[in-house]
Amino acid sequence: MSDADELYPGQKREVAERAAREAAYAQANGAVLPGPLAEAIEPEPVEVAGLRVRRVVHYDFVLLRRLNSPLLKQLARAAEGQAGGTEFSDEDAYVMVWQFTRPVREAAAYLAEHGANGVRAAALESIGCALGPVEVGLLVQAVEREFVRALSTVVKYEPARPAGADGGGAVFMPPPAGRMTGSAGG
């Protein structure tokens, strides 16, 4: 497009500026956001040693109960406001990784057919005896992160705690400091 081909003076410059602006928008929209907004975007699944950690689904809780998982014990401690982690054995870690690196229906069918001991044996064979310590550690961390991410939007419903130092009575809050109001008339 030559100057003579422009519909109006400066059209080429405006087209080039618009193209640069749109390229900048595309780059900005494709970048991962920092802070809390980054958590709003579904992260890429973690894959280690050819195993991909999947999303947590509701039926996982049924399986976790049937497997007597330490993840449920940790959730119970957190719900009670207790700090600190729950200890789990290497075999427990293998089972967690085994469960969350295969489709939930496959894990459920295997558990129904072979029982909890069968799942433990399969997890020992396919995770504990097949992967290195770093790989297992990374997969356990990925399962824990996925679990935390899945539960990060849970709202805890509980009755309001009684006010006052002795657990009863009303507490009146003073007005905020430094806020003065003017008269309504100006």
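Here are some friendly notes on the predicted model above, going from the whole chain to single residues.

1. **Overall make-up.** The protein chain contains seven helices and two strands. Read from the N terminus, the order of its elements is α-α-β-β-α-α-α-α-α. Please keep in mind throughout that this is a predicted model.

2. **Burial, surface and contacts.** Of the 186 residues in the protein chain, 25% are buried. The accessible surface of the chain is about 13600 Å², and carbon and sulfur atoms account for 57% of that surface. Taking contacts between residues at least 6 apart in sequence, 65% link residues at least 24 apart.

3. **The largest nonpolar core.** This core counts 31 residues, and those with the most contacts inside it are Trp 98, Phe 100, Ile 127, Leu 139 and Phe 147. Two or more residues come from each of H3, helix H5 (90-100), H6 and helix H7 (133-151). Which element gives the most to this core? That is H6, with eight residues.

4. **Phe 100.** This residue deserves a look of its own, as one of those with the most contacts inside the core. Setting aside neighbours within four places in sequence, Phe 100 is in contact with Arg 52, Val 53, Arg 54, Val 56, Asp 60, Leu 64 and Leu 71, and also with Val 143 and Phe 147. Phe 147 is itself on the list of core residues with the most contacts.

5. **Helix H3 and what follows.** A run of H3 residues is buried: Asp 60, Phe 61, Val 62, Leu 63 and Leu 64. Of these, Asp 60 and Leu 64 are in contact with Phe 100. After H3 comes Asn 68, with a positive phi near 50°.

6. **Ala 108 in H6.** Ala 108 sits in helix H6 (residues 104-128). Is Ala 108 buried or exposed? Its relative accessible area is 13%, under the 20% cut-off, so Ala 108 counts as buried. Beyond residues up to four places away in sequence, Ala 108 touches Tyr 59 and Leu 63. Leu 63 belongs to the buried residues of H3.

7. Ala 123 is placed in helix H6 and is buried, with a relative accessible area of 0%. What does Ala 123 touch, if residues up to four places away in sequence are not counted? The list is Tyr 94, Val 95, Trp 98 and Gly 128. The C-alpha atoms of Ala 123 and Glu 91 are 7.7 Å apart, although 32 residues separate the two along the chain. Trp 98 returns here from the core, where it is among the residues with the most contacts.

8. Apart from neighbours within four places in sequence, Ser 69 is in contact with Leu 64 and Met 96.

9. How many cavities of 30 Å³ or more does the structure hold? There is one, and the largest cavity has a volume of about 40 Å³. Its lining consists of Leu 67, Asn 68, Ser 69, Pro 70, Asp 92, Val 95 and Arg 120. By type, the lining residues split into three nonpolar, two polar and two charged. Val 95 in this lining is also touched by Ala 123.

10. **Positive phi angles to check by eye.** Most residues other than glycine have a negative phi. Asn 68 has a positive phi near 50°, and Ala 49 has one near 55°. Ala 49 is in the loop between strand S1 (47-48) and strand S2 (51-52). With 44% relative accessibility, between the 20% and 50% cut-offs, Ala 49 counts as partly exposed.

Terms used: Residues numbered from 1 in each chain as written. Predicted model: local features only at pLDDT ≥ 70, side-chain atom pairs only at ≥ 80, totals over all residues. Heavy atoms only, no water. Contact = heavy atoms within 4.5 Å. Helix = DSSP H or I, 4+ residues; strand = E, 2+ residues; numbered from the N terminus. Buried < 20%, exposed > 50% of the residue type's maximum accessible area, 1.4 Å probe, protein only. Areas by Shrake-Rupley, 256 points an atom, 1.4 Å probe, with all protein chains shown as cover. 1 Å grid on protein atoms, 1.4 Å probe; cavity = no way out; pocket = protein on both sides within 12 Å on 5 of 7 lines; lining within 4 Å. Points joined across faces, edges and corners; volume = space filled by probe spheres on them. Nonpolar A, V, L, I, M, F, W, Y, C, P; charged D, E, K, R; others polar. Core = buried A, V, L, I, M, F, W, Y, C linked by side-chain atoms within 4.5 Å.
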